Amino acid sequence: MSCEKYQEVLIDLAASGAEPVGVVRSHLDGCAPCRTYLKEQQTLLAAVDSGVRQTVNAPVPASLLQRFGARLAQQTAPRHSQSARWMYAGAALAAAATLVLFLLPNLRSPSSKQRSPVASSAQHAIAAQKADSTAPLKTATRPVQQPGKRSRTPAPNPEPEILVPPDERIAFERFLSDLNGREDLAVALVKPLHEQREQRVVSLETPNIEIAALTVQPITENTDR
Amino acid sequence: MQELVLTQPSRAAETEWAREAASAELRSEFEQRLAECGSLAFRVARGVLRNTADAEDVAQEALLRAYHQFARLRERTRFRAWLVRITFRLALDRARSAKRREVRETLWAQPVPRATTEDLAASSEFQAHLARALDALSPKLRLVLLLAAMEGHTLDEVAALLGLPIGTVKSRLFFARKQLAEKLRCHVKNTKKC
């Protein structure tokens, strides 16, 4: 029987790690070159396994988790990122615009006693923030209810509601959560608007326009015709 | 006119706090798995790239991706398998881009002096040939081979990790080793088949 026929079988035996049986076993017993060939294949595969194990089981650098922790901290700090700053700036603008919308009726008629409940609660919130700087903003926004008094009008929502553009709602919420610890910023956001109310109506000054004298001249007729 | 929606400032703050608390809890759960899985990610990457610095970069990238997508993972028990797949894909991408950047010399085409397998196993030349042979393996075979070669990984664990039947793992391991041996046979003394 030719040894060439057994080579593929011997390679498979070496790769699988199985023991030769039957015809292959009897051939190997009587064929020294095939036994050598099998031994070579087994040695080769052992070298392959050793090489792969050496590659895979290299010591893990001690700095791996430390560096990862630092990278994670860097990436999960949205307050310091540029995009977050823009987001907060947009939210601040939205908040300022919203406050203007609600405070405008009161600014126009400061003596009027009939104020919208939302606007009055917002002003009350600012006043409360000024009075007690340690209290968080959300506790100050609750409207004051007099005990024992019941009115026929439907009970107002205990929490004030503010209109914001839909795509800026989440940014606005984050902005407000940050604002809770910073009363000075909350007051500063409203203060300039309040101070500027007199400056809103300013007479428009336009330079005098000089109109040159218009001279009308008849069109000369074409005499060649 | 622009569309506006109603929002309650105080409730919004509470929602934000709740979101932050959930995020902190998620991060804590992730960090518990990190100590064990960090080395797994590194070893998978090292097996593909064979370079410690590159493997560390890829492992970190994989861990970062895993962290960002951790909340979406339904079965947390499958985290290890999930991380292995992320790392393996990233490492393959890195290896491919590195190949494109540099034109390597084709050692396969060069005639090399034959030696015994014992000598070859220890030589850097054999390691270089083995590296190229590993690169030529299909991803399926390569991943099984690498995981099976890791310390402390039995074939049953590899099967569980990859969600494959044990028979499939054994079969892939057999073909992977056979293909590697076929490519490296040319460098063994007195071997007829090349």
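Modeller: Residues are numbered from 1 along each chain as its sequence is written, and chains are lettered from A and ligands numbered from 1 in the order in which they are written. In this predicted model, local features need pLDDT of at least 70 and side-chain atom pairs count only at pLDDT 80 or more, while totals for chains, interfaces and linings use all residues.

Colleague: Why are α6(B) and α7(B) called oblique to each other?

Modeller: The axes of helix α6 (residues 139-149) of chain B and helix α7 (residues 155-162) of chain B cross at roughly 135° and come within 9 Å. Axes are lines fitted to C-alpha atoms, for helices over the stretch in contact, with angles from 0 to 180 degrees between N-to-C directions. Angles under 35 degrees count as roughly parallel, over 145 as roughly antiparallel, 65 to 115 as roughly perpendicular and the rest as oblique. The pair α6(B) and α7(B) is therefore oblique.

Colleague: Which residues of α6(B) and α7(B) meet?

Modeller: Val144(B), Leu147(B) and Ala148(B) in α6(B) meet Leu155(B), Val158(B) and Leu161(B) in α7(B); contact requires C-beta atoms, placed from the backbone, within 7 Å. These residues divide into 6 nonpolar, no polar and no charged, where Ala, Val, Leu, Ile, Met, Phe, Trp, Tyr, Cys and Pro count as nonpolar, Asp, Glu, Lys and Arg as charged, and the others, Gly among them, as polar.

Colleague: Which elements of chain B have the lowest and the highest mean pLDDT?

Modeller: On this confidence scale from 0 to 100 for each residue, helix α4 (residues 117-122) of chain B has the lowest mean (55) and α6(B) the highest (93). Over residues 103-114 of chain B, pLDDT stays under 50.

Notes:
Helix = DSSP H or I, 4+ residues; strand = E, 2+ residues; numbered from the N terminus. Contact = placed C-beta atoms within 7 Å. pLDDT = per-residue confidence, 0-100.
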